[in-house]
Amino acid sequence: MRNPDYSIVIPVYFNAGSLASTEARIRAQVLDAYPNKNGEIVFVDDGSQDSSYEELCDLRTKHPEDIRIIKLARNFGQVNAIWCGLQHTSGPTIIISADGQDPVELMTEMLDRYFHDGTEIVIGTREAREESAWRKKTSAMVYGAIKRLGNWDMPVGGFDYMLLGPRAKHALLRRWQPNTFFQVRVLNLGFPRAFIHYRRKARETGVSRWTFSKKMTYMIDGVLGHSYFPIRAISVCGMLFAVFSFLLALFFFIAYFFNPAVVRGWTPIVLMVLFIGGVQMFMIGVIGEYLWRVLVQVRADPPYIIEQINGDSES
């Protein structure tokens, strides 16, 4: 397809079994239902080790005119896969997961908000989730922490289903940052935006690879990358310990003249040393996290490496 009017970027990672149904719904409810505009689907295979890539190739064989496949050399993470898709599209771009949990019919409303209203960023927010209580709680914890510590505009349920207009996308792509919280970067762009609420459906096939450890890592990236709270907390904690140590020293100095035995005993000393040492190690760890992010930024490694591209928007 030559110069599509809009693109749909779908990061793929171990999504075998759900890709055909996702593509069929998008084709029926978006590509065919929006006849005045030409759309394309860009699948980004993020190093899947199942049959995802083979299924994508089958889909492209059936619809070579509007399907492109970008195969990455290994797994670089969902954010980097999305970044790759954005860099290989030109017009307004919709980002949606490949697991079939997000309703594709919202895409037409997103496109209407962009083409008719001129809204540069349209975000689908989850007002409810058909998922386990554990996944609901952990997701709420991650997005709640980001909302409280750094970005008050973050929807309570979070989001990863959105449309980015060309201006917003260009501004975002100019500010690449490793170990980032993608949603905060989108919200901080400042362009006009709209929110569409929806209910996230249960996963149809497969098992989610978005594990608890990955969620925690993503939350840490968000807090350290977009909030001054950790550094400010270290400064305040250090000041409080300094004041406490001064008052404790003053107490022992005065108490010595009334009851010299009050300063005896090694247990309180050992406990204080262990406690303060633990706090110091925690502070050093936080500073180390910041230094690691500075090192990654300075090395300027590419966010992804492409192994193969099937299809070209200019062909």
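Ile26, Gln29 and Val30 in α1 meet Met107, Thr108 and Leu111 in α4 (contact: heavy atoms within 4.5 Å). By class, this contact of α1 with α4 has 4 nonpolar, 2 polar and no charged residues. This is a predicted model: local features need pLDDT of at least 70, side-chain atom pairs count only at pLDDT 80 or more, and totals for chains, interfaces and linings use all residues. Residues are numbered from 1 along each chain as its sequence is written, and side-chain values use heavy atoms, without hydrogens and water.

In the second pair, Trp83, Leu86 and Gln87 in α3 meet Lys169, Leu172 and Leu173 in α6. That contact of α3 with α6 has 4 nonpolar, 1 polar and 1 charged residues.

| Helix pair | Axes come within | Crossing angle |
|---|---|---|
| α1 (residues 19-31) and α4 (residues 106-115) | 8 Å | roughly 45 degrees |
| α3 (residues 78-87) and α6 (residues 166-173) | 11 Å | roughly 125 degrees |

α1 and α4 are therefore oblique to each other. α3 and α6 are oblique too. Angles under 35 degrees count as roughly parallel, over 145 as roughly antiparallel, 65 to 115 as roughly perpendicular and the rest as oblique. α1 passes α4 in a right-handed crossing, while the crossing of α3 and α6 is left-handed.

The lining of the second largest pocket divides into 13 nonpolar, no polar and 1 charged residues. α8 (212-226), α9 (229-258) and α10 (267-299) each give two or more residues to this lining.

Definitions and conventions
Axes are lines fitted to C-alpha atoms, for helices over the stretch in contact, and angles run from 0 to 180 degrees between N-to-C directions. Helices (H or I, at least four residues) and strands (E, at least two) are DSSP runs, numbered from the N terminus. A crossing is left-handed if the near helix is turned anticlockwise from the far one by less than a right angle, and right-handed if clockwise. Ala, Val, Leu, Ile, Met, Phe, Trp, Tyr, Cys and Pro count as nonpolar, Asp, Glu, Lys and Arg as charged, and the others, Gly among them, as polar.
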